[in-house]
Amino acid sequence: MIQRRLLLPLMLAAASAAPVAAQTAPAAGTRVTPSLRASRAAAIRVDGRLDEAAWTAAEATSSFTEAYPNPGGAPRLRTEARVLYDERTLYGGMRMHDPRPDSIAAQLARRDAGGIYSDWAQVMVDSYLDRRTAFAFAVNPRGVKRDVYLSNDNSEDSGWDAVWDVATTIDSAGWTAEFRIPLSQLRFGRVNEGAERTWGLQLTRDMARYQSRAVWSPWTQNDNGFVSRFGTLTGLVGVRPPTRLELMPYASTRLTRTPASLGDPGRAEGDPDPFYRGSEAAFNVGADVRAGLPLGLTLSATINPDFGQVEADPAVVNLSAFETVLPENRPFFVEGSDLFRFGSLLSYISQGSPQFFYSRRVGREPQRQLGADPGIRFFDRNPQTTILGAAKVTGKTPGGWSIGILDAVTAPENARVLDAEGLRRTVGVEPLSNYLVARTRRDFAAGRTVLGGIATATHRALQDTVFAPRLRSDGYVAGIDGEHSTRDRTWSVSGYLAGSRIGGSESAIGAAQRSSARYYRRPDADYLRYDSTATSLAGHAFGAALRKGGDWRGSVWYQEISPGFEVNDAGILGRTDRRALSALFGRRQGRPGPVFRDWFVRAFTSNGWNFGGDGLDHRVALRGTGTFRNLWSGGATVEYVAPALDDRLTRGGPIVRTPSSWSFSSTLGTDPRKRVTLNGELFGVQAADGGEVRFVYASVSARPTSNIQLSIGPALERVVSSNQYVMTRTDALAANTFGRRYVFATLTQNTAEMAARLNWTFTPNLSLQLYARPFVSAGSYRGFKELEAPRDDRFAVYGRETGTVELGGACGTQRDDGVYAVDPDGAGPASCFRFGNPNFNFRSVRGNAVLRWEYRPGSALFLVWQQQREGQEALGDFDALRDFGELWRVPARNVFLIKATYWIGR
């Protein structure tokens, strides 16, 4: 240790001797808000060496404490930090002392990489000094950058990307990081000329081999805030908000190779698709613009955006009545998305809240489906709606107002079709649409009290004969929300209230009333009023929560969504007509003990009812999670679900009784410091009626070298659903079920998938990512049956308890080998009916390769290859070797893309 210090360069020794704050950790339970004074500097060369005289003269601090695993204790290793500034730039210098430099974890990865085994140094600046928002800049010893925008005291937006510089060096005393953060990347207001600014500041150091974090301003994982725990940065004089203007034009070229198509064999077997093009090339240009506005706000706009480098969506098999929610990966919408969130309550448990803005609505798949139109043999349309342009204003004013306003316009989309008469024509599939979202919040009392609101508006330019009967013309949502915390933020209360209104033709509003979100025509729901003449629909949503933090913690959560509430024009919501109440109580231990490094045990319950008072959900559960002293981690949950009612199972029919069930889940992860780590999950459900779920997942992550990461995560799932909905048949003789027969079956579904990733990083600015996800799922239906009576769980099985069912059987003179024929009462008067064989074997593989080179700060070149294969058969049986083998014989669709962006800014 002494020898290594003697080998330090002379200037570093002088820097170490500069005035430094006391290094002794504060007494347990003492809350300290540290302060550091920034020094004026000039001519700082960012090379990671901290050898300029300005660094030596600047005030230094080494008053770090441990956030974990020993909250509030003295860190294992010493860290020093200094801050400099000039008219345009904030500089941060950190010296991470380490007597074992060869043990410093320094994984090479692409920018914003998460979950890598590495040490980190981080500078976080609350330039608003609102104790709720901050800009975080982190670097690892190899120069890998990560930047995050923090809001609402502890929410992270990793999609925020700033243009900044940093350099690092590793030497015999440890490693250093030298940050250069342009003031144009921060947000702050004006002050009187010559006045001194004070900003919030946090400095952190992560040490991977100890799995520990040291913080300059004391904070622990049991604290109920993060930004509110920052210290202060003083001494900033003569710093003015800079003029901010950034332009990022792009150019891309794309080649799509599509396998030959034979069209739809159900309509024109063997006919060639007249719209088939084996190869299709396209060239696009566009731009992103950012401009600084008064009061610290930023205008961001995108013109003709291209998202070709975005990872492909995963394949899913959705047998429910509800829409699949897909993640947002498009950079323009990801960045700043936290500013538009509304309805999130401060609670440790919830049953899900409406997503008031779901950005995947912008540029969505065209809503008019042509595949089921018997008058159309072939069609050609874009898979997504074209975004003509989008703009947003985001930021926070010096007065404490957080503002997020987004407006986007999507183009009208048309499809070329060949109709049943052999005529080619053009039909509309999506109208010209405009989406507007406005969100604002106001902070009071150093961020402990927050009031806000949201408004969304969607407008569609409908053509009376095409879209008016199908789509709503407009949709509006408005709401207010708020939260308040005690001074130490141990207790908090939060809530929101929102209302909605949609408008359109009688048929469009009728479809909204009949949709799976509300099912207004349920025959046994006398509290719902279906109106076939309505041209509008309105409703409300309300939520409130009380939370207590600390070692002993808990929360109570309540939410109600009225039947007429609708946010699916700009947001997403699976169902309405629900009241829910949840509660949790638990204990978290953040200090190491004989067995656990930390643990968290909690018990919780959740209950749900519809607006008619029917109990839809009643459950209790116990969950425990923890990290062992050897850094293995795991958790287990046991849950009991009581018998209840289901008002969605019959897809608009009467309510059905559901059985009780028990479930168990467990997770286990090995020591993340090892070159090879394992993670696994087991999940099982057993219902009283024989239904079951068995799920197993395992992943292996490896670091064969310091610049390669490999992960493989296979998963297997088996689901036996005793009452899987098949169809509804109108029959006046079915008096017990209101003149309709509700047909169900026992479904056995087996699914296998595997996500594989390879990240190969050549330099912090040059990386290659490979991703592939093969997916197969097989479903077999048996024991077709019908519901006997409402509010019951009894079903009459065809061919055993009532009627007959036969695959390929006859209904009158009709016979089809691929269709089931059902005579519901045998020799009785009820009419025979038919439905297609619902068995399926779905196979898919989606993957891409992305080479990304950030050839200058803010500017990047992308080389992308995407491939997709999909196929489907009606076999029903699951054979992994056969299904995966067939998957690779399905013709592939390939997309090759080259995209270049160039950042221009000041």
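Modeller: D223 is partly exposed, at a relative accessible area of 23%, where partly exposed lies between buried (under 20%) and exposed (over 50%), judged with a 1.4 Å probe and protein chains only. Its salt-bridge partner is R229, with 3.9 Å between the closest N and O atoms; the term requires a side-chain nitrogen of Lys or Arg within 4 Å of a carboxyl oxygen of Asp or Glu. R229 itself counts as buried because its relative accessible area is 15%.

The model is predicted: local features need pLDDT of at least 70 and side-chain atom pairs count only at pLDDT 80 or more, whereas totals for chains, interfaces and linings use all residues. Residues are numbered from 1 along each chain as its sequence is written, and side-chain values use heavy atoms, with hydrogens and water left out.

The whole structure holds 55 salt bridges. In one of them, D171 and R95 bring their closest N and O atoms to 2.8 Å. This pair joins distant parts of the chain, 76 residues apart, with D171 in strand β10 (residues 165-171) and R95 in strand β5 (residues 89-97); strands here are DSSP runs of E with at least two residues, helices are runs of H or I with at least four, and both are numbered from the N terminus. R95 has a relative accessible area of 7% and is therefore buried.

E560 and R579 form another salt bridge, at 3.3 Å between the closest N and O atoms. Here too distant parts are linked, since E560 belongs to strand β28 (residues 552-561) and R579 to strand β29 (residues 578-589), 19 residues apart. E560 is buried at 14% relative accessible area, whereas R579 is partly exposed at 28%.

Rings of Phe, Tyr and Trp (its six-membered ring) pair if their centres lie within 6.5 Å, with planes under 30 degrees apart counted as stacked, over 60 as edge-to-face and the rest as tilted. F356 and Y496 are edge-to-face, because their ring centres are 6.0 Å apart and their planes stand at 85°. F356 sits in the loop between α5 (331-334) and β18 (376-380) and Y496 in strand β26 (residues 491-503), so this pair ties together parts 140 residues apart in sequence. F356 and Y496 are both buried. Ring pairs also gather Y128, F135, F137, Y149, W160, W164 and F179 into a cluster.

As to how far the details may be read, the chain averages a pLDDT of 88, and 94% of the residues score at least 70; pLDDT is the predictor's confidence in each residue, from 0 to 100. Over residues 1-30 it stays under 50, and the model has 44 contacts for them beyond four places in sequence, a contact being heavy atoms within 4.5 Å. Residues 262-269 are also below 50, with 19 contacts beyond near neighbours in sequence.
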